[in-house]
Amino acid sequence: MKEAIGDAGRHVVAQLEHYLNTLGTIASVAPLLGLLGTVFGMIDIFGVIMNAGTGNAAVLAGGISKALITTAAGLSVAIPTLMFHRFFDSKVGKLAIDMEQQALRLVEVIKGERETGDDAP
């Protein structure tokens with residue numbers, strides 16, 4: 001009986017964790033995409049420096065702007081995604097522990113090892 005309850009619990013936990021991996025991947029990849037955009041912005045800056053020199057700041061501003069915008073965009077996606085991932089991961093862990101405790105209590109009640117009184121929280 002404990003084995004069957006354990007199997008059912010593992011299936012439920014797997015369903016709860018279904019999208020957590022995707023959320024974690026997004027949280028990990030978003031800053032890297034921002035960094036990639038920063039690198040492209042810096043490449044643009046150096047390309048402009050090769051063609052026009054360093055005397056005209058307005059010409060350099062486009063590459064700097066691209067670098068900063070992509071960095072900010074990557075972090076803007078990564079920070080909340082990471083927070084949600086951690087929150088939901090913790091929530092699933094707590095639910096799994098609670099399910100396990102309740103399942104063990106159920107088995108004890110069915111076997112007669114525990115009474116169904118008010119001692120359960």
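Predicted model: local features only at pLDDT ≥ 70, side-chain atom pairs only at ≥ 80, totals over all residues.
Thr-81 counts as buried, because its relative accessibility of 12% falls under the 20% limit. This residue belongs to helix H3, which spans residues 57-111. Over the chain, pLDDT averages 85, and 93% of the residues score at least 70. Helix H2 (residues 20-52) has the highest confidence, with a mean of 89, whereas helix H1 (residues 2-16) has the lowest, with a mean of 84.

The surroundings of Thr-81 can be described from two sides. Within the chain's local sequence, a polar atom of the Thr-81 side chain is placed 2.6 Å from the backbone oxygen of Val-77. Leaving aside residues up to four places away in sequence, Thr-81 touches Leu-23, Ile-26 and Ala-27.

Thr-25 sits in helix H2 and is partly exposed, because its relative accessibility of 41% lies between the 20% and 50% limits. The side chain of Thr-25 reaches a backbone oxygen, that of Asn-21, at a distance of 2.9 Å.

Attention now turns to the charged residues. The salt bridges number 2. One of them joins Arg-10 to Asp-7, with the closest N and O atoms 2.2 Å apart. Both partners lie in helix H1, where a spacing of 3 residues corresponds to about one turn of the helix. Arg-10 counts as exposed, because its relative accessibility is 54% and thus over the 50% limit. Asp-7, at 32% relative accessibility, counts as partly exposed.

The pairing of Asp-44 with Lys-66 is also a salt bridge, and here the closest N and O atoms are 2.5 Å apart. This pair links distant parts of the chain, with Asp-44 in helix H2 and Lys-66 in helix H3, 22 residues apart. Asp-44 has a relative accessible area of 33% and so is partly exposed. Lys-66 is likewise partly exposed, with a relative accessible area of 36%.

The remaining feature is a nonpolar one. Val-29, Leu-32, Leu-33, Leu-35, Leu-36, Val-39, Phe-40 and Ile-43 together make a nonpolar surface patch of about 740 Å². Leu-32, a residue of helix H2, counts as exposed because its relative accessibility is 55%. Val-39 is also placed in helix H2, but with a relative accessible area of 39% Val-39 is partly exposed. Val-39 and Asp-98 are 59 residues apart in sequence, and the distance between them in space is 47 Å, C-alpha to C-alpha.

Methods
Residues numbered from 1 in each chain as written. Heavy atoms only, no water. pLDDT = per-residue confidence, 0-100. Helix = DSSP H or I, 4+ residues; strand = E, 2+ residues; numbered from the N terminus. Buried < 20%, exposed > 50% of the residue type's maximum accessible area, 1.4 Å probe, protein only. Polar contact = N/O pair within 3.5 Å; in protein donor to acceptor, adjacent residues only side chain to side chain. Contact = heavy atoms within 4.5 Å. Patch = residues over 30% accessible without salt bridge, like charges linked within 9 Å, V, L, I, M, F, W, Y side chains within 5 Å. Areas by Shrake-Rupley, 256 points an atom, 1.4 Å probe, with all protein chains shown as cover. Salt bridge = Lys/Arg side-chain N within 4 Å of Asp/Glu carboxyl O.
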